[in-house]
Structure formats: structure tokens, C-alpha cells
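Reader: Please take a close look at one helix in this model. How covered is it, and which charged pairs can be described elsewhere?

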Amino acid sequence: MFTKQKIPVSVLTKILSGFALGKINTMTPLPTSGNIAYIIQIKNNKYFLRLSPLGPRWRSRGEIAAEIELLDYLADNDFPVSRPLANSKGNKIITWQKHQGYLREYVSGKEKTRPTVKEVREFGRLLGRFHSLVENYQTKNKRRHIWNPAATQKYFLSIQKKLDKQFAALFSERLSALRFPKKLPSGSIHEDLGKRHVLWRNNQIVAVLDFDRFYFAPLIFDLGQAIRGWCFLGEKQKWSSDNFKALISGYQSKRLLSQIEKEALVDSIKFAVLERSLSFYSKYIYVSRDKADLDYAWFSLREIMGRLDKIERI
């Protein structure tokens, strides 16, 4: 469920005046799953403005500073991200009331909703290169929002009484069954590298978007989330062994998985599915009341997790 959140035109105009971009033609709000976002058209150039909302998607000034640190680091290393812009005073963080965010150039491109096996392999190479860059990299500013198994367990316990009893029991059983070694290679992971956050143009990846959920964690968690997004196909979310093999092959052409990562890979995919299942149930309770969100939470927990019990290990 995507919504358009707006801020006053006078506020937007004042914010943008600090960047000396020129005369504003249009300011168009974008539908998002939580953030306040606008496309700004100025002559022949487009810009993207994002501010965090209040509620679960709120980010502190320090967390936005950390995201900017990571984006600058990646841009310095020629990774396809759009670097946040500084205003005339040299500031990159935009603050309005309690909302924090930044402005960047808009990148034109499209997601691949039905990527070919070759394109999945290309994405795998990109992810392997990303992990090679961010392994052991930590931003000076810290992130408060994290989604690792311990944090997910803690959040589950905090809302357990609001969940259907059968859902809660099955979720708890599934999460408790996962096992992860303590010394997995870690870095600043994206956490949400599904197809919609990778833009293509002329069959080339031109941008990776939305580092709003990044945090420092085992790299295998990032790979698990990516596999969740690229290896289940269609509305029925059927498992694609071909996509899985292509993604891993592409990934390992840029970064070899360690043995302990290989052993933890399937559980990392299961964790990705469980974390999103709980996220959709939480969204249903606190935000949308959309039955489609609740249905997807159940579908993930029952159907997708069942399919993962049968997949091959590498």
C-alpha cells in the first residue's frame, strides 16, 4: 500500500531556495510506503527530495547523516548511487519540523519486474561488488533502526498479543529454528535490495536506490533479502532455481562466499521471509488495515517458508 504524503508548497520552496537550482517548474509528490518524497523539475533537470515521516519510518538527524556518509563513500568508489547534494551553506541534511532528509539528482531508469536469468546474474555481480566495498565499513554516525534476528525477535515479542495466536506460534517456531554463526563477515548492508530498488537503462544497471533501511550486519542477511526479492517469481511466488544459481554465480564472480556464509545462506533467506512477514502484519495493524497486507504476511509464513524447506544448498 503506497501513499502520497505532502508538505506545504511554501516550505518546499524555501527548502529548495537554499540549493540555488533555478526556477522551479513542478513539485510532484510521489507514492511511497512511508517516506515523504517529491520529484522536483527545474528546467531540464530533475531532483528527488526525501524526508522521513513521523512514526516507524522516522529517522533522526544522525541516522540521515549516516546514510549520506554511506552514499558518499559508494559514490567515491564509482558504485551506481546518486550522491546527496549540499546547499549553499554546505549542508546536505534537510530538516523541516521533525522530518529529516536530503536532496539528490533524479536518476532515470526502470526496474526489471521480470528479469531474465542473464539480468539476475548481472544483479548478482552488482551485489557482490557492493559487499566487497562495504565489508567491515561502518559509518561514523550510528543507525538506531536495525532488522537483525535479535531485533526482530524483540519486536515480535512486543506486538505478540496483537497477532493471531496461530500466526504467533508458527512465527516463533520458525524464527527459533534459525541458526547463525557469531563471526559472519559483516558490513553496512542495504537490507532491501529487491527489484524495485535497482534501476536499469539500455540493459545496464544505472542506480541502486533507497538506503533508508541500511545498517551494520552480516552480509549474508543482505544476500538473503536479495534472493527473496529476485528468486521468487510471479504472484504465486514460485521458487526459481535458475535465478538462484545465476544470482549466486554472479555474486561469487565479485566476492566469494566463505564456508560459514554458505552454511548460513538458506537460513538467511528464511529470515528475510520471516522478517518481511512480520513487517506486513505490523503494517496491517498499525498503518493500512489492508487485508492484502495481512494475507501476504500469512502467505509468506506458510507457503514461501514451506518452499524454502526444499531448496538446494550450495
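Author: H6 is mostly covered, with twelve of its twelve residues buried. Buried means under 20% relative accessible area, exposed over 50%, and partly exposed in between, with a 1.4 Å probe and protein chains only. The model is predicted, so local features need pLDDT of at least 70 and side-chain atom pairs pLDDT 80 or more, while totals for chains, interfaces and linings use all residues. Residues are numbered from 1 along each chain as its sequence is written, and side-chain values use heavy atoms, without hydrogens and water.

Helices are DSSP runs (H or I, at least four residues), numbered from the N terminus. H6 covers residues 219-230. Its buried residues include Leu219, Phe221, Asp222, Arg228 and Trp230. The expected span is 1.5 Å times one less than the number of residues.

Now the charged pairs. A salt bridge puts a side-chain nitrogen of Lys or Arg within 4 Å of a carboxyl oxygen of Asp or Glu. By this rule there are 20 salt bridges. One joins Asp309 and Arg174, at 2.8 Å, N to O. Asp309 lies in the segment after helix H9 (291-308) and Arg174 in helix H5 (residues 165-176), so the pair ties together parts 135 residues apart in sequence. Asp309 is partly exposed, at 43% relative accessibility.

Arg276 and Glu275 also form a salt bridge, at 2.2 Å, N to O. Both Arg276 and Glu275 are buried. Salt bridges with shared partners join Glu191, Asp192, Arg196, Arg213, Glu275 and Arg276 into one network.

Terms used. Helices (H or I, at least four residues) and strands (E, at least two) are DSSP runs, numbered from the N terminus.
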